[in-house]
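Please look through the sequence and the model below before reading on.

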Protein chains: 4
Amino acid sequence: MTEHRSGPVRSAAAREAILAATARLLVDEGWDRLTIEGIARDAGVGKQTIYRWWPSKGALVAECLLDGRFFPVEPVVRDTGDLRRDLREWLTPVLHFLNSPTGRSLVNSLVAAATGEAGVGAHLSEAFGADRLLADRLRAAVGAGELPPDAPVDELGNAVLGLLIFEVLSKDEIDVTAFLRLVEYLLGPRRTSAG
Amino acid sequence: MTEHRSGPVRSAAAREAILAATARLLVDEGWDRLTIEGIARDAGVGKQTIYRWWPSKGALVAECLLDGRFFPVEPVVRDTGDLRRDLREWLTPVLHFLNSPTGRSLVNSLVAAATGEAGVGAHLSEAFGADRLLADRLRAAVGAGELPPDAPVDELGNAVLGLLIFEVLSKDEIDVTAFLRLVEYLLGPRRTSAG
Amino acid sequence: MTEHRSGPVRSAAAREAILAATARLLVDEGWDRLTIEGIARDAGVGKQTIYRWWPSKGALVAECLLDGRFFPVEPVVRDTGDLRRDLREWLTPVLHFLNSPTGRSLVNSLVAAATGEAGVGAHLSEAFGADRLLADRLRAAVGAGELPPDAPVDELGNAVLGLLIFEVLSKDEIDVTAFLRLVEYLLGPRRTSAG
Amino acid sequence: MTEHRSGPVRSAAAREAILAATARLLVDEGWDRLTIEGIARDAGVGKQTIYRWWPSKGALVAECLLDGRFFPVEPVVRDTGDLRRDLREWLTPVLHFLNSPTGRSLVNSLVAAATGEAGVGAHLSEAFGADRLLADRLRAAVGAGELPPDAPVDELGNAVLGLLIFEVLSKDEIDVTAFLRLVEYLLGPRRTSAG
DNA sequence: AGTTAAACGAGACGGTACGTCTCGTCTTCGT
DNA sequence: ACGAAGACGAGACGTACCGTCTCGTTTAACT
């Protein structure tokens, strides 16, 4: 039996405006210049409408992440049968994006959000697409014998993502070539499916 | 030839009190509850004395990092001739520390600091000791033939560190066993020095 | 037609607390130790609530003046038909008040406020009651023939007030007798209503 | 001839620079934007040099007053035998000066200084020249029979000065004509020396 | 169609912290 | 010994947001 009561219902327009404003401001201003007041202003919404539905700005960002409002992620990692090549081709544009001001700013902001809000961290992996896309491709590689059967595919995906984040945090610019070489090393020695 | 001018000189006592307060408060309260006013209060110092010497709270944290005020880091990664065992023995207490509330809080705070301040990120690696300790041990392993000659030892150290950080950010608790297994996988297949 | 908008309305309690604190602190501490922070603290109010409604501490003092929060002014200058006697009787307690620490402090504070804020000066005259009380009595004296028909009654009131202020500023103590004698001289030679 | 001395002695140059800076800044910026730091900066002097010789900024202003650094006062009130005319001629330029921005600012600043510093008030009268110049002329008028023998000449001077100050504080602009008329009224009915 | 109660925009409120300014005291050099 | 320079602890400045709390208006489900 459903609870029911009279009165208006949650405004979809307000929700959309708030999340859109959050995403825009997070990218443009960064995590710590992202404020509830700013979001309310930008969304043309009362502050209370935000506090009514989200407990914190971290929760707003987490919802933006789930909505995929940040990365127009490459939907798949192609499978041409050559794992190293496929990864290289998927990673290259990602690395270049992360070297752009927008990319760096976005990663910094999302990581900052994650440090203050466990809920954001939990979705970081999905947000970057690493969990499904990367792991799927690695799993296929295991099936094809390109990786040993005991390869921890899920963890490997996270390792690549963690490395990516660490590079953004600690360096001015990621050296794309070196990064690709490292990933290749991490995957271990090349095997043929016949191997 | 040094620039010199008359007048009083920077107070070492104030510097020490400020950095000590910063380190204490960052661990106890976390990055975004760390405030200049709080530091000044805790250090018994005027706010201006902080602003005179440091441009931001990130810079304060960066200096604490360089001073090694956060981790009483294990001074070396032992070298028994067995890289995997040595790493396991070094990593185990580190992982347990990172699973403790203090450890998690510290990593979260430092990463948060790094996202807002390029200078902090640049020192994250040193702070965790990964740069020197880990890389040194890996380099020795290359010399001993435990790792192939082309192993990118510096990047490998950062990869482990990045993975560590990512796990803290995205999970409630690091699975120590799984983490060690992953590291072992990343190092590639075991080789004998005779190999 | 009045402008109206939705939303909360100005808090009368806050206004009262702020003005009361302002009046108390001005008398107790003096103009330049009167601070917005002190008022906010004393009134149990956020600073922004003060800044929202008053542009400066001078404006606060001006509003206190208009509210008559400083002098429990003698409501009238009595009219017994003898102008000189009536003035003497009204002025005597006023002069004694101005010789008291509270009185001196208050005049000093109000004058200081007036120098920094035109709005305060404009109300000084009303605040001391000189404008209405004194001028009314003088006007009656003109009607009764005690003063010549061309006597500038409003200006005369201000002259007495100006003199009063000047004495407080420039002397340690007003000589009551000399002051009364001077006022009497300024009014000009005694006239009978029969002229 | 060069300054030479063994062992430094109070620097006349510093004193001069400090007082000059004080006078300049008081006129230009007003009492409450006059700061010790600003004076030191402007005078090219260490703050301590100021604190060593003067206890407060009020004392600095008082010394400037005594030095006559503010008004290039009309050196005398002329005596043509006609008190009212002489006063009118002396007061007219004074009133116009007080209506100028510089004049108003100066009076406001000096009065503000006087409210915070008894020592300044004590010299206000001399500073405006009222004490000597005005009183002298009034005394002469008594001698000439233009004023009654019991006229309180010193107090009359202060009364005019107090009125002047009050007008500056409480009005946007002094009405010169009305002011002169008032002064004339205060002096009492015209008398001839033969009278 | 009218009633009714929650969601809405707006924004006032008591607070905390910001980064800057000046206070008056205190070193430290150089003359 | 004095003067310039300026670091220091202290604390107010005016601004920005916090999260909570009214307000009046709008709107949708239930009479």
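**Charged pairs within the chains**

Glu63(D) forms a salt bridge with Arg15(D), and their closest N and O atoms are 2.6 Å apart. A salt bridge here is a side-chain nitrogen of Lys or Arg within 4 Å of a carboxyl oxygen of Asp or Glu. Glu63(D) lies in helix H4 (residues 57–66) and Arg15(D) in helix H1 (residues 12–29) of chain D, so the pair ties together parts that are 48 residues apart in sequence. Helices (H or I, at least four residues) and strands (E, at least two) are DSSP runs, numbered from the N terminus. Arg15(D) is partly exposed, with a relative accessible area of 27%. The scale behind that word is this: buried means under 20% relative accessible area, exposed over 50%, and partly exposed in between (1.4 Å probe, protein chains only).

This is a predicted model, in which local features need pLDDT of at least 70 and side-chain atom pairs count only at pLDDT 80 or more, while totals for chains, interfaces and linings use all residues. Residues are numbered from 1 along each chain as its sequence is written, chains are lettered from A and ligands numbered from 1 in the order in which they are written, and side-chain values use heavy atoms, with hydrogens and water left out.

Side chains of opposite charge can pair when their charged atoms come close. A search of the whole structure finds 68 salt bridges over all chains. One of them joins Arg137(C) to Asp79(C), with the closest N and O atoms 3.1 Å apart. This pair links distant parts of the chain, 58 residues apart: Arg137(C) is in helix H8 (residues 130–143), and Asp79(C) is in the loop between helix H4 (57–66) and helix H5 (83–99) of chain C. Arg137(C) is buried, at 3% relative accessible area, whereas Asp79(C) is partly exposed, at 49%.

In chain D, the side chains of Lys171(D) and Glu167(D) also meet in a salt bridge (3.3 Å, N to O). Lys171(D) is partly exposed, with a relative accessible area of 31%, and Glu167(D) is buried, with 6%. In chain A, a network of salt bridges links Arg15(A), Glu16(A), Glu63(A), Asp67(A) and Arg69(A).

What about a charged residue that is buried and has no salt bridge? Arg84(A) is such a residue: the nearest side chain of opposite charge, Glu146(A), is 4.9 Å away. For charge, Lys and Arg count as positive and Asp and Glu as negative; His and the chain ends are not counted. Arg84(A) is found in helix H5 (residues 83–99) of chain A. Leaving aside its neighbours within four places in sequence, Arg84(A) is in contact (heavy atoms within 4.5 Å) with Glu184(A), Leu187(A), Gly188(A), Pro189(A) and Arg190(A).

**Chain A as a whole**

The secondary structure of chain A comes to 10 helices and 0 strands. Of its 195 residues, 50% count as buried. The C-alpha atoms of chain A fill a box of roughly 70 × 50 × 25 Å, taken along the principal axes. Among the contacts in chain A with a separation of 6 or more, 67% are between residues 24 or more positions apart.

**Where chains meet**

How many residues of chain D are in contact with chain C? The number is 31, and they touch 31 residues of chain C. The area buried between the two chains is about 2,700 Å², of which carbon and sulfur atoms give 71%. Buried area is the accessible area (1.4 Å probe) that two parts lose on being put together, summed over both. Thr115(D), Phe166(D) and Tyr185(D) supply 26% of the area that chain D buries against chain C, more than any other three residues. Across this interface of chain D and chain C the rule finds 0 salt bridges.

Helix H6 (101–116), helix H7 (118–128), helix H9 (153–170) and helix H10 (176–186) of chain D each supply at least two residues of the side that touches chain C. H9(D) gives the most, with 11 residues.

Chain B and chain A also meet, through 32 residues from chain B and 31 residues from chain A. The count of salt bridges between chain B and chain A is 0. Chain B and chain C do not touch, and their nearest C-alpha atoms are 16 Å apart.
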